[in-house]
Amino acid sequence: MPLFLPTLADGPITVRPIRVRDARALERELLENRSWLSKWEATSPHGPSGYDTRGSIRALLANARAGHGLPFLIEYEGELAGQLNVSSITYGSLASATIGYWVSERFAGKNITPLAVALVTDYCFFQLGLHRMEICIRPENGPSLRVVEKLGFRYEGLRRRYIHINGDWRDHFCFALVAEEVRQGVLRRWRAGAVPAANAVRPEADVRAASQPLHIIK
């Protein structure tokens with residue numbers, strides 16, 4: 001079933017559906033932020049491939065029409081600031097999805113990403129009826145880890161060599177929320193100062209493991 005793509009806004013921040021005509025502006029933003037973003041970008045384990053921004057947007061929209069994703073752009077005071085995608089949407093007994101995001105370097109530190117993530121997570125819980133939302137983050141990605149810390153996503157574990165990022169298989173920390181944890185909403189809980197401080201804390205054993213290469217038997 002095709003998914004309705006809403007426009008969500010709070011103050012200067014708007015999360016809106018991506019459009020094919022956004023391709024040129026999005027490509028310019030990605031190119032200007034190469035040094036900022038490239039170390040966190042998904043890559044192909046089969047080797048380098050060209051990046052087609054327009055084709056990527058079309059693929060995201062096709063995924064939304066199939067009912068499996070919600071592709072958004074993030075705007076700050078009307079200016080393109082980043083991107084947020086809800087992917088792997090599953091219904092039925094699992095009722096879950098995964099969130100991924102990036103924001104341009106010049107907008108870092110303005111609480112844009114946590115607000116966008118909160119708006120979209122609340123939409124997925126209260127409008128789509130999903131039960132679980134997951135975010136997976138590289139252990140070295142401090143800014144992204146601060147997003148889940150602020151919003152109280154609960155740490156669930158270390159996934160070794162989980163996603164191919166920047167040319168290799170990388171470890172990720174996994175965080176999640178289920179709807180029962182945030183009956184008042186993620187955004188409202190954050191603003192009320194009611195986020196459990198220890199939710200996103202990683203055990204020292206996992207932090208140490210993530211700093212060491214995985215032993216692979218050849």
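Which element gives the most to the lining of the second largest pocket? Hi everyone, let's find out together. This is a predicted model, where local features need pLDDT of at least 70, side-chain atom pairs count only at pLDDT 80 or more, and totals for chains, interfaces and linings use all residues. Residues are numbered from 1 along each chain as its sequence is written, and side-chain values use heavy atoms, leaving out hydrogens and water.

The answer is β8, with 4 residues. Strands here are DSSP runs of E, at least two residues, and helices are runs of H or I, at least four, numbered from the N terminus. β7 (154–165) and β8 (168–178) each supply at least two lining residues. A pocket is an open set of points on a 1 Å grid where a 1.4 Å probe fits, with protein on both sides within 12 Å along at least five of seven lines, and lining residues have an atom within 4 Å of a point. This one is lined by 14 residues, with Trp 169, Arg 170 and Asp 171 among those nearest its centre.

Now to helix α1, residues 23–32. Ala 23, Leu 26, Glu 29 and Leu 30 are buried, meaning under 20% relative accessible area with a 1.4 Å probe, protein chains only, while exposed means over 50%.

Finally, Met 133 touches Val 86, Phe 153 and Phe 175, among others, where contact means heavy atoms within 4.5 Å.

Definitions and conventions. Lists of a residue's contacts leave out its neighbours within four places in sequence.
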